[in-house]
Amino acid sequence: MAFALTPERDREVDELLTHYPNKRAALIPVLWICQRQNGWVSPEVIDFVATRLDLSTAIVKGVVTFYTMFFQHPVGSHVIWVCRTLSCDLRGAKAIQEHLEEKLGCHAGGTSKDGKFTLLKAECLAACGQAPMVQIDDDYHENLTLEKLDRILESYRAGA
Amino acid sequence: MSDDQKPILTARYGVANATDLEVAEKHGAYRAARKALLSMQPEAIREEVKKASIRGRGGAGFPAGVKWGFLAPKEGERVYLVINGDESEPGTFKDRTIMNKDPHRLIEGILIACYAIGAHACYIYVRGELAHSIKSLDAALAQARAKGYVGEKPFGKPYPIEIYTHTGAGAYICGEETALLNSLEGRRGEPRLKPPFPAIKGAFGQPTIVNNVETIAAVPDVVEMGGESWCNLSRLAPADGGIRLYGISGHVKRPGVYEAPVGITMRELIYDYGGGMLHDDRPLKGVIPGGSSTPVLRPDLKIDAKKADHPLHKWHGMSEIDVPMGVDTYRALGTMLGTCCAIVMDTSVNMVEACRNLMRFYKHESCGQCTPCREGSGWLVDTLTEICEGRGKPEDVHRLVEISNNMMGNTICAFADGTAMPMLGFVQKFREEFVAAVEKGRPLEVRHDDSTIALVRGRAA
């Protein structure tokens with residue numbers, strides 16, 4: 001089915017287009033708006049964005065595939081990024097990842113059976129002084145212990 | 001702390017609700033911008049910034065005032081200011097504190113800088129992961145717009161300035177200024193061939209200055225105090241001026257971001273600001289001084305600078321961590337100051353594993369346009385993995401060096417050098433560990449978190 005933005009989000013796109021001297025510059029922010037509505041960047045989203053910004057689908061796809069935060073497949077209701085770069089690894093990130101894999105019953109790269117969480121490994125998220133940390137959707141959760149992590153997971157389970 | 005200096009750059013970090021314009025203004029925000037726009041000529045501001053000798057805080061350490069001087073817009077060209085908030089260098093987490101805790105300082109710096117360089121539009125490029133920093137900046141911008149500070153007539157001055165945030169979507173390479181410009185223009189974040197440099201042909205083909213968040217956040221204080229006074233806050237004035245944000249992470253008691261004069265030593269950063277090593281029985285083994293691209297330092301290595309004309313002669317015979325942290329001093333030391341955010345490693349860390357962790361990062365983040373970088377970073381990870389998993393061959397240590405040497409200087413941007421330099425640094429400083437790992441012939445039974453895992457597991461273990 002063809003994809004379309006809600007009228008409110010479509011107005012956001014109109015506003016964005018006033019920020020730049022050409023339409024193409026709005027590509028990444030517009031992809032963000034679409035992903036927020038659709039959950040992932042589906043082929044239909046790519047068609048929509050290409051038409052909306054007068055670009056070829058190849059150009060849009062080229063950009064989508066370059067950036068790690070655009071999901072090219074459906075993901076769970078929440079996405080958990082575990083930072084595994086050095087500063088976090090020195091402070092126990094591996095234990096955080098192992099704990100999450102056990103709790104969610106899936107490996108990094110997978111989604112829990114109930115569809116609630118997708119678990120992904122991340123490269124440095126610029127929170128090195130608050131290691132170990134995970135990003136869940138838009139939020140950073142820092143200075144983690146396994147106990148704290150369990151409480152955070154519970155709050156997302158209860159909320160979703 | 002060793003300097004009884006009142007906080008300047010971080011003066012509003014401790015103020016409740018400093019993200020609110022009124023609160024920030026009560027604590028000094030926009031005073032310098034008002035002074036600059038209403039009573040100073042652009043040339044005079046540029047002169048103060050030059051005198052301040054702000055070495056670019058994004059990692060390259062290029063003097064901001066000199067960079068501004070490269071602009072030579074032709075008739076009809078539109079100058080842009082672009083702020084690099086793509087903070088992604090492993091170990092670096094300082095710009096985020098400015099954007100989250102004191103966004104008005106950045107906006108104020110942008111207003112002054114735009115006026116000084118003749119720009120009427122500015123984009124703040126923020127990495128996509130920092131959703132909260134973007135929200136914080138957008139909210140602050142909305143307030144500044146409502147007050148008329150951003151818009152047609154900032155502080156009543158008929159000099160329109162518009163500021164927009166632009167969100168990235170996950171790519172370390174977008175911190176490279178021309179990759180950032182491509183990303184801003186809706187393209188893949190692949191660095192551009194230089195020349196032309198951004199000052200001649202940058203965003204949308206127009207003359208552009210790209211500055212780091214912290215660099216621009218320093219500008220209001222430079223205007224307020226005068227370039228020379230600000231410069232002299234540094235212990236390395238006049239070559240490397242002012243105060244800056246130091247980050248520290250890894251095996252220390254108090255990881256975090258600290259403001260201090262330029263030129264404190266790594267020893268002070270670790271033991272005074274960082275509170276010392278995390279475990280008293282596990283001493284310092286190595287420290288990556290300024291983000292992962294900067295070659296590692298080893299505290300038991302002594303400076304060899306006997307000749308009186310050696311730039312480090314003053315520190316001859318002292319430990320590597322006793323040299324003041326400055327752009328030029330660290331270059332002389334064979335490393336780089338980078339973003340000035342240190343990763344501290346104690347004796348529980350195996351350097352081959354630590355190195356593999358970082359090289360995995362570079363392999364993941366290489367944009368892939370240049371073969372030496374795309375393939376080289378992969379080969380480094382493959383070779384290190386062989387060694388870590390017990391299949392290493394004696395020639396592998398040399399292979400790591402050879403691959404690195406073939407990456408350096410052979411690519412469009414500095415990413416390959418930023419990969420090869422720390423790789424070479426690890427082998428040079430900890431060769432015995434690489435050799436031992438190769439000779440061992442079985443997997444390294446180490447985890448980097450060996451000394452912290454108990455803290456993380458806590459009671460839930």
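The questions and answers below concern a predicted model, taking its chain A, its pocket and cavities, and some of its backbone features in turn.

Q: How many helices and strands does the secondary structure of chain A come to?
A: Read along the sequence of this predicted model, chain A follows the pattern α-α-α-α-β-α-α-β-β-β-α. The elements of that chain therefore come, by the DSSP runs on which they rest, to seven helices and four strands.

Q: What percentage of the residues in chain A is buried?
A: The C-alpha atoms of chain A fill a box of roughly 50 × 30 × 25 Å along the principal axes, and the accessible surface of the chain comes to about 6,800 Å², with 51% of that surface belonging to carbon and sulfur atoms. A residue counts as buried when its relative accessible area is under 20%. Among the 160 residues of chain A, the buried share is 59%.

Q: How far apart do the centres of the positive and negative side chains of chain A lie?
A: Lys and Arg count as positive here, and Asp and Glu as negative. On that basis chain A has 17 positive and 21 negative side chains, and the centres of the two sets are separated by 2 Å.

Q: Is Ala26(A) buried or exposed?
A: The place of Ala26(A) is in the loop between α1 (7-17) and α2 (27-38) of chain A. Leaving aside neighbours within four places in sequence, Ala26(A) is in contact with Leu17(A), Tyr20(A) and Leu53(A). Because its relative accessibility is 0%, Ala26(A) counts as buried.

Q: Which element gives the most to the lining of the largest pocket?
A: About 1,300 Å³ of space lies in the largest pocket, and its lining is made up of 45 residues, of which Gly58(B), Gly59(B), Ala60(B), Gly175(B) and Glu176(B) lie nearest the centre. In chain B, α4 (64-69), β4 (208-212) and α17 (415-429) each supply at least two residues of that lining. With five residues, the element that gives the most is β4(B).

Q: What volume does the largest cavity have?
A: The structure holds three cavities of 30 Å³ or more. The residues that line the largest cavity include Cys367(B), Cys370(B), Cys373(B) and Cys413(B), with Ile173(B), Pro191(B) and Phe415(B) also among them. The volume of this largest cavity is about 80 Å³.

Q: What is omega for the cis peptide bond that joins Ala237(B) and Pro238(B)?
A: Most peptide bonds are trans. In chain B, however, the bond from Lys194(B) to Pro195(B) is cis with omega near -5°, and Pro195(B) has its place in the loop between α8 (177-184) and β4. Pro238(B) lies in the loop between α11 (227-231) and β5 (243-250) of chain B, and for the cis bond joining Ala237(B) and Pro238(B), omega is about 0°.

Q: Is Phe204(B) buried or exposed?
A: Most residues other than glycine have a negative phi. Phe204(B), although not a glycine, has a positive phi of about 55°, and its place is in the loop between α8 and β4 of chain B. Since its relative accessibility is 15%, and the cut-off is under 20%, Phe204(B) counts as buried.

Q: Does Asn17(B) count as buried or exposed?
A: Asn17(B) lies in the segment before α1 (21-26) of chain B, and its phi is positive at about 55° although it is not a glycine. The C-alpha atoms of Asn17(B) and Tyr172(B), which are 155 residues apart along the chain, are separated by 31 Å. Because its relative accessibility is 58%, Asn17(B) counts as exposed.

Q: What does Asn405(B) count as at 43% relative accessibility?
A: Asn405(B) lies in helix α16 (residues 396-407) of chain B. Asn405(B) and Trp379(B) are 26 residues apart in sequence, and their C-alpha atoms are 13 Å apart in space. Residues in between the cut-offs of under 20% for buried and over 50% for exposed are partly exposed, so at 43% Asn405(B) counts as partly exposed.

Terms used
Residues are numbered from 1 along each chain as its sequence is written. Chains are lettered from A and ligands numbered from 1 in the order in which they are written. This is a predicted model: local features need pLDDT of at least 70, side-chain atom pairs count only at pLDDT 80 or more; totals for chains, interfaces and linings use all residues. Side-chain values use heavy atoms; hydrogens and water are left out. Buried means under 20% relative accessible area, exposed over 50%, partly exposed in between (1.4 Å probe, protein chains only). Accessible areas come from the Shrake-Rupley method with a 1.4 Å probe; for residues, only the protein chains shown count as cover. The place of a charge is taken as NZ of Lys, CZ of Arg, CG of Asp or CD of Glu. On a 1 Å grid over the protein atoms alone, a cavity is a set of points where a 1.4 Å probe fits but cannot get out, and a pocket is an open set with protein on both sides within 12 Å along at least five of seven lines; lining residues have an atom within 4 Å of a point. Grid points are joined across faces, edges and corners, and a volume is the space filled by probe spheres set on the points. Contact means heavy atoms within 4.5 Å.
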